[in-house]
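Please keep the structure in view while reading.

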Amino acid sequence: MAAGPGGPYAAAAPGGAMGPAAAAPAFNLDLKRLTRNDQIVGGATIVFVISLFLPWFTVSDGVFSASVNGLWHGYMYIALILAIAVLAQEVLRAGFEQLPFKLPLEHEQATLVATAAIFALTVLSFVFKPAGASDAFASVNWGWSFGALIGLAAAVVAVVPLGLPFLRSRTGR
């Protein structure tokens, strides 16, 4: 099926080259297209993703110790997927002057929803650390490790640029 008189290709360009009639916009990564908020959210989200693979909780029984990463709570995989989606959206915004497709939510709305969900899951993971156990012979103690602190700080930094203005608009301050 031909798209027009010349088929799927338009008439030759001045240089004689043939190309698609409706060329998709070219991807050209330019970080200057990102707003200050986009840069803050993107940077904090990168730090958050890295923190998920660092030790979040340590366990010690006095003799042995071990640690688990931020994905120990299974629901943190949702936070990881959301963080990857936020980063993908930022890369697309930096790569295209105008996205070649329409998203169901505006950029700021989608970013706020995703970073707020990441923040909520991170707070849950931080608060509900594994419980300690003890018996007559040994005591097992769980504690936070540096990955949890970095992850919590990164989640806060990622949600604040869009979350704070949103809350202020709702409260009238």
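In this predicted model, Phe27, Leu29, Leu31 and Val91 make a nonpolar surface patch of about 390 Å². One of these residues, Leu31, lies in the segment before α1 (36–51). Leu31 has a relative accessible area of 54% and is therefore exposed, since exposed means over 50%.

The interior gives another picture. In soluble globular proteins, nonpolar side chains tend to be buried together. Here the largest nonpolar core has 18 residues, and the members that touch the most others are Phe48, Leu52, Trp56, Met76, Ala79 and Ile118. At least two residues of this core come from each of α1, β1 (55–60), α2 (76–95), α3 (107–127) and α4 (146–171). What does Leu52 contact, leaving aside its neighbours within four places in sequence? Leu52 is in contact with Asn69, Gly70, Leu71, Met76 and Leu80.

| Helix | Residues | Expected span at 1.5 Å a residue | Span between end C-alpha atoms |
|---|---|---|---|
| α2 | 20 residues | 28 Å | 28 Å |

The buried residues of α1 are Asp38, Val41, Gly42, Ala44, Thr45, Phe48, Val49 and Ser51. Their cover includes β1, α2, α3 and α4.

In α2, the buried residues are Met76, Ala79, Leu80, Ala83, Val86, Gln89, Glu90, Ala94 and Gly95. These buried residues of α2 pack against α1, β1 and α3. An α-helix has 3.6 residues a turn, so residues three or four places apart point the same way.

Definitions and conventions. Residues numbered from 1 in each chain as written. Predicted model: local features only at pLDDT ≥ 70, side-chain atom pairs only at ≥ 80, totals over all residues. Heavy atoms only, no water. Patch = residues over 30% accessible without salt bridge, like charges linked within 9 Å, V, L, I, M, F, W, Y side chains within 5 Å. Areas by Shrake-Rupley, 256 points an atom, 1.4 Å probe, with all protein chains shown as cover. Salt bridge = Lys/Arg side-chain N within 4 Å of Asp/Glu carboxyl O. Helix = DSSP H or I, 4+ residues; strand = E, 2+ residues; numbered from the N terminus. Buried < 20%, exposed > 50% of the residue type's maximum accessible area, 1.4 Å probe, protein only. Core = buried A, V, L, I, M, F, W, Y, C linked by side-chain atoms within 4.5 Å. Contact = heavy atoms within 4.5 Å. Expected span 1.5 Å × (residues − 1).
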